[in-house]
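Please open the model in a viewer and keep the selection tool at hand.

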Amino acid sequence: MTGGVVGAATDKVPVTVLTGFLGSGKTTLLNRILTEQHGRRIAVIENEFGEIGIDDALVIDAEEEVFEMNNGCICCTVRGDLIRILGTLMRRKDRFDHILIETTGLADPAPVAQTFFMDDEIGSQLRLDGIITLVDAAHLIQHLDDERPEGVENEAVEQIAFADRIVLNKTDLVDADQLAEVRRRIGEINRLADVHEAVQAAVDLDAVLDVGGFDLTRALDLDPAFMTDTEHQHDLTVTSVGIELPGELVIEQLNDWLGELLAEKGVDIFRSKGILAVRGMPERYVFQGVHMLFDGTQGEPWGTAERVSRAVFIGRDLDRAELEAGLRGCLAVPVPAA
């Protein structure tokens with residue numbers, strides 16, 4: 001066990017909101033939390049932005065209960081679902097002693113935090129322990145500087161502003177000067193949150209769990225309408241394209257296509273990920289991309305499961321037909337489009 005459980009001092013179950021922009025490393029940290037020996041029983045609520053779910057396959061097979069929410073963003077369209085899941089968890093809270101909510105990369109954490117103060121039943125049994133924000137050291141500044149139409153939120157700014165702890169991840173991808181600049185920009189937005197530098201989201205879990213960090217007074221200082229303002233607007237030019245494709249892909253063609261695609265359009269493709277069936281590979285091929293960077297690893301064996309590739313692209317002004325045609329062009333045996 002890696003430290004005392006502060007939540008034991010109260011009857012309320014602590015809740016951690018894990019947030020951060022697309023590709024910042026939230027699922028990597030979640031997997032660390034689920035696999036390290038810390039003595040906590042954790043229920044996980046996972047929200048994914050995308051037409052088809054990929055993250056469920058990226059989260060390790062753990063004993064903890066995992067609830068998926070894939071029909072919209074947890075901060076707005078599926079907040080009702082969040083309340084219903086929390087209600088279900090409260091009726092079986094003898095099975096766990098901590099709840100972790102992983103938001104989408106495009107979520108504003110403030111409306112999620114509101115839930116624990118505006119719903120009396122939830123507030124009486126659960127307490128918001130803290131908002132933990134993952135930051136991608138290599139790509140943060142471009143997202144902070146991303147110009148939005150008037151009235152449209154910059155989620156990367158909101159995620160840092162409301163953070164109680166910040167995990168400054170992927171520090172191995174930047175040099176010392178770049179890292180110092182990222183820290184300076186974070187400090188301009190939030191000087192109170194502790195910042196923990198990390199590679200592969202490797203942080204001491206005592207720094208992110210049971211921190212007792214969420215301060216309602218500070219939230220109201222940041223946003224006086226925190227308790228009353230439930231309206232916000234996402235950038236509607238940012239969408240997702242999900243592709244499901246039976247058959248096997250040729251790895252060389254796949255790497256060439258992904259490389260060219262992300263080199264040409266990686267600025268606008270914020271996130272790409274997939275679980276793919278590759279010819280001659282008995283395991284699932286897991287690829288993950290953040291802007292122009294992408295990597296592939298071997299996943300679980302297919303066994304007798306049908307070999308179907310699933311990929312998701314999230315970004316601005318995506319061309320669905322082009323993406324589908326590109327992936328289809330990597331098939332070992334061409335299959336006509338439906």
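A salt bridge is a side-chain nitrogen of Lys or Arg within 4 Å of a carboxyl oxygen of Asp or Glu; the structure holds 17 of them. This is a predicted model, in which local features need pLDDT of at least 70 and side-chain atom pairs count only at pLDDT 80 or more, while totals for chains, interfaces and linings use all residues. Residues are numbered from 1 along each chain as its sequence is written, and side-chain values use heavy atoms, with hydrogens and water left out.

Select Arg127 and Asp129 to see a salt bridge whose closest N and O atoms are 3.1 Å apart. Asp129 counts as buried because its relative accessibility is 0% (buried: under 20% relative accessible area; exposed: over 50%; partly exposed: in between; 1.4 Å probe, protein chains only).

Next, select Arg307 and Glu248, whose side chains meet in a salt bridge at 2.7 Å, N to O. Glu248 is partly exposed, because its relative accessibility is 29%.

Turn now to the largest nonpolar core, which has 32 residues. Such a core is a set of buried Ala, Val, Leu, Ile, Met, Phe, Trp, Tyr and Cys residues joined through side-chain atoms within 4.5 Å. Select Ile45, Ile99 and Leu126, the residues with the most contacts inside this core. Leaving aside neighbours within four places in sequence, Leu126 is in contact (heavy atoms within 4.5 Å) with residues including Val15, Leu86 and Phe116. A second, separate core of 22 residues includes Val241, Leu276, Phe287 and Cys330.

Finally, select Ala110 and Ala219: these are 109 residues apart in sequence and 8.3 Å apart in space, C-alpha to C-alpha.
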